[in-house]
Amino acid sequence: MPLSEEQLPAAVAPAAPVVQRRPQRSAVRHGQASCADYGCTRAECRQAALRARRQRKQDRLRGLSARVPPYAAARWAVRLREQGMSAQDIADRAGLSVTLVRRVLRVPEQSALARDIARTTADAVLGIPLPPRREPGAPGLTSSVESSRLLADLARAGWPAAALALRLGVHARTVAEVREKRPRLRLDLALRIRRLHRELIGIDPVSQGIRPADAARIRASAARRVAGV
């Protein structure tokens, strides 16, 4: 007669599930399969983990590899970002951690060093539809580093903040803050700044109605900022 689990000696007793240690800065949230891997016992997290295990089992039964090259998912994630979605937006839509999405976004094109990712991860990213370019469904926030550089570039060309703000549909103070000190901004605004830079960087602001004295003053102010004066 087989022994029950309680009667089994400690050496042969079923091992307890391995619980991963949650990283200190983990962005995994409740309702994601990874949350249960960190030991969360909430129903929605356990159900998400169960669905992920079932999907992996179905893939194995169909002869599909559990892990796949990341390139297709990375290319699609980049397209989603270009259409106005941040890494957090993609993570929310896909039910993944934002850390994992950022890792996928950093995959170099066809690099031999890129590690394979779970098929369920690739499918989740590839299943997100493209949002409208001008009205992203979930705009999110992004770093201001690129936008700050582009606005400073326009200032060196002689474009006043007020003229840029009018074209961007924001207040002139917003343009100055993004250019100088605001660490993050809405992704849809960052995309508008990128497009505006492409439109104006080769155009003399004086030819567009900016007073020569104002253009000269903006250029001088931008030069002082670069010099740290």
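Biologist: Is Arg 156 buried, partly exposed or exposed?

Modeller: Keep in mind that this is a predicted model, where local features need pLDDT of at least 70, side-chain atom pairs count only at pLDDT 80 or more, and totals for chains use all residues. Residues are numbered from 1 along each chain as its sequence is written, and side-chain values use heavy atoms, leaving out hydrogens and water. Buried means under 20% relative accessible area and exposed over 50%, with partly exposed in between (1.4 Å probe, protein chains only). Arg 156 has 40% relative accessibility, so the label is partly exposed.

Biologist: Which residue forms a salt bridge with Arg 156?

Modeller: A salt bridge here is a side-chain nitrogen of Lys or Arg within 4 Å of a carboxyl oxygen of Asp or Glu. With the closest N and O atoms 3.4 Å apart, the partner is Asp 153.

Biologist: And where does the salt-bridge partner of Arg 225 lie?

Modeller: Arg 225 pairs with Glu 180, closest N and O atoms 3.8 Å apart. That pair links distant parts of the chain, 45 residues apart: Arg 225 is in helix α11 (residues 212-227), and Glu 180 is in helix α9 (residues 172-180).

Biologist: Asp 188 bridges to Arg 186; is Asp 188 buried or exposed?

Modeller: The closest N and O atoms of that pair are 3.5 Å apart. Arg 186 is partly exposed at 44%. Asp 188 has 18% relative accessibility, so Asp 188 counts as buried.

Notes:
Helices (H or I, at least four residues) and strands (E, at least two) are DSSP runs, numbered from the N terminus.
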